[in-house]
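Visitor: I am new to this structure. Please show me how to read it, feature by feature.

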Amino acid sequence: MSPETGGKGQSSPFLTLVRGAIALLDWSGRLIVGVCLTAMFAALLVNVILRYAAGSGISWAYEIHAILLPWLVAGGLVIASAKGRNIAVSLLSDMLSGRARLVLNIFIQAAILIITASVLWSSHPILKASQFQTLSTLGIKQIWGYSSIAYSFGAMSLIAFLGILRTLAGEDVADLALEDTSLS
């Protein structure tokens, strides 16, 4: 069974589009992780060098992590979700095959969609409150860190919805990784 076609010959344009959207979300997570890791490492390195060389560091280097760490985690969640690499117990899906496995996949993706949409809905009060919280040294509103919730759970909701569409189109999303799907 070809991972690109689900064993059904050539991949349909619809499935190509769906896999491309998931690959784009994966790419966005990778970009966010790369930028956050680079910025956090650079701030920490410069701060350590300045502390040892000049006796004092840059005060905002401690606060930047309050913004970037949530985004780092959010990017990692999106990458894992796009690749189907979340923590899972696959005993039941491993025992099933054919139509029963596809139905189970739909239920799993629907459960993920409901949970992530619930987190998005319940995070509204947190996001509203964070508009009024400011980091003391940087002067940046905490909303910039907390908005990572909307990104990660919004992307995971979209990936789950697209997983349902892939399953309805006949692809076994429990067997497929998007490692071969790229934006090139």
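**Reading the fold**

Guide: Along the sequence, the pattern is α-α-α-α-α-α. Keep in mind that this is a predicted model.

Visitor: How many helices and strands does the chain have?

Guide: There are six helices and zero strands.

Visitor: At what angle do α1 and α6 pack?

Guide: Angles over 145 degrees count as roughly antiparallel. Helix α1 covers residues 13-54, and helix α6 covers residues 143-168. They pack at about 160 degrees, with axes 10 Å apart. So α1 is roughly antiparallel to α6. The crossing of α1 past α6 is left-handed.

Visitor: Which residues form the nonpolar patch on the surface?

Guide: The patch consists of L24, W27, L31 and V35. Together they have about 400 Å² of accessible area.

Visitor: Where is V35 found, and why is V35 called partly exposed?

Guide: V35 sits in helix α1. Partly exposed is the range between buried, under 20%, and exposed, over 50%. V35 has a relative accessible area of 48%, so it is partly exposed.

Visitor: Where does Q131 lie?

Guide: Look at the loop between α5 (124-130) and α6. Q131 is also partly exposed, because its relative accessible area is 41%.

Visitor: What separates the C-alpha atoms of Q131 and K141?

Guide: Sequence spacing and spatial distance are read separately. Along the chain, Q131 and K141 are 10 residues apart.

Methods:
Residues are numbered from 1 along each chain as its sequence is written. This is a predicted model: local features need pLDDT of at least 70, side-chain atom pairs count only at pLDDT 80 or more; totals for chains, interfaces and linings use all residues. Side-chain values use heavy atoms; hydrogens and water are left out. Patches are made of residues with over 30% relative accessible area and no salt bridge: like charges are joined within 9 Å, nonpolar side chains (Val, Leu, Ile, Met, Phe, Trp, Tyr) within 5 Å. Accessible areas come from the Shrake-Rupley method with a 1.4 Å probe; for residues, only the protein chains shown count as cover. A salt bridge is a side-chain nitrogen of Lys or Arg within 4 Å of a carboxyl oxygen of Asp or Glu. Helices (H or I, at least four residues) and strands (E, at least two) are DSSP runs, numbered from the N terminus. Buried means under 20% relative accessible area, exposed over 50%, partly exposed in between (1.4 Å probe, protein chains only). Axes are lines fitted to C-alpha atoms, for helices over the stretch in contact, and angles run from 0 to 180 degrees between N-to-C directions. Angles under 35 degrees count as roughly parallel, over 145 as roughly antiparallel, 65 to 115 as roughly perpendicular and the rest as oblique. A crossing is left-handed if the near helix is turned anticlockwise from the far one by less than a right angle, and right-handed if clockwise.
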